[in-house]
Amino acid sequence: MGSGFSTFLLLCNSTTSSPANSPEPSLGDLPESVVASVLVNLNPQQICRLASINRAFRYASLADFVWELKLPKNYELIISRVFDNNNNKFCSSLCKKDIYARLSTPTSIDGGTKKVWLDKGTGKAYVLISSSGLAITGIDDRRYWSWISTEESRFYPVAYLQQTWWFEVDGEVDFPFPCGTYTLYFRLQLGRSGRRFGRRVCNSDHVHGWDIKPVKFQLSTSDGQKAVSQCYLSTDPGKWNLYRAGDFVVEDSKVPMKIKFSMTQIDCTHTKGGLCVDSVVILPK
């Protein structure tokens, strides 16, 4: 499709650049309904590129039936979840193209603790859950945990662990995912990064204990899927890493799926610390 589309785009440009008084017909003379029938076979990025060629392509690119096929089948459920009761305004009279664009823009939900959007190419969902939207054991005890601001997070404040014996982070999300396979990750960093004289630096004074026992990750879904994994955290302070908890599959997009997940290291024979917990990330696979 890539090379074929490029050839087609060159053909479009050459035929539309002919003089206005040329007796030869061009692609600009095609009926909008015919052009729209071609556009349904292209991806959203290609449709937008062709829309800039001439008026016929631009008007055809606005056809609802073109974008209806690009939207996930449960897009109305997604609109209800993202925009109802979340202080997010949504105009019900939007055309399908504008609905696609609106759903492809990251939007905060659940009091700003989560961000969701659809992938512009596949229509599958991305979900981010901030550390403030997670249940973190001992988070209110300033002797062990603190909130730090950073520009390296989509949510800015991240949870920073100085030291603890019992480490446990739990969370859940209820969302009408489009059909497909998804992977859940924890976004973590050893050490506390900051700026000094305009340069990024990392304070690793509190980093300890993560090389003694592995961290356990778990997830379960409302339709009975389960995944368990464990690993040692990276020994490279100052680098954000995604730690995979597991995969889950959505086969019925008409029913919202509830996902519960956790990250634990509860071996109380040693302390551990120096960890930044940024977010949980759910990505289409």
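# Rings and core contacts

Biologist: How many aromatic pairs does the structure hold?
Modeller: This is a predicted model: local features need pLDDT of at least 70, side-chain atom pairs count only at pLDDT 80 or more, and totals for chains, interfaces and linings use all residues. Numbering runs from 1 along each chain as its sequence is written, and side-chain values use heavy atoms, leaving out hydrogens and water. Rings of Phe, Tyr and Trp (its six-membered ring) pair if their centres lie within 6.5 Å; planes under 30 degrees apart are stacked, over 60 edge-to-face, the rest tilted. The number of aromatic pairs is 11.

Biologist: Why is the pair of W145 and F167 stacked?
Modeller: The ring centres of W145 and F167 lie 6.1 Å apart. W145 is in strand 5 (residues 145-149) and F167 in strand 7 (residues 167-175), 22 residues apart; strands are DSSP runs (E, at least two residues), numbered from the N terminus. The pair is stacked because its planes stand at 20 degrees.

Biologist: Is F167 buried or exposed?
Modeller: Buried means under 20% relative accessible area, exposed over 50%, and partly exposed in between (1.4 Å probe, protein chains only). F167 has 1% relative accessibility, so F167 counts as buried.

Biologist: Which residue forms an edge-to-face pair with F167?
Modeller: The two rings are 5.3 Å centre to centre, with 85 degrees between the planes. The partner lies in the loop between strand 10 (199-203) and strand 11 (215-221), so the pair ties together parts 43 residues apart in sequence. The partner, buried like F167, is W210.

Biologist: Over which ring does the charged end of R187 sit?
Modeller: A charge sits over a ring if NZ of Lys or CZ of Arg is within 6 Å of the ring centre and within 35 degrees of the ring normal. For R187, the distance to the centre is 4.5 Å, and the ring belongs to W240.

Biologist: With which side chain does the side chain of Q189 make a polar contact?
Modeller: Q189 lies in strand 8 (residues 180-190) and, at 1% relative accessibility, counts as buried. A polar contact is a pair of N or O atoms within 3.5 Å; within protein, one must be able to donate a hydrogen and the other to accept it, and residues adjacent in sequence count only if both atoms are side-chain atoms. The Q189 side chain also reaches the backbone oxygen of G191 at 3.1 Å. The side-chain partner, at 2.9 Å, is R200.

Biologist: How many residues has the largest nonpolar core?
Modeller: A nonpolar core joins buried Ala, Val, Leu, Ile, Met, Phe, Trp, Tyr and Cys residues through side-chain atoms within 4.5 Å. Those with the most contacts inside the largest core include F177, F261 and I282. Its residue count is 61.

Definitions and conventions. Helix = DSSP H or I, 4+ residues; strand = E, 2+ residues; numbered from the N terminus.
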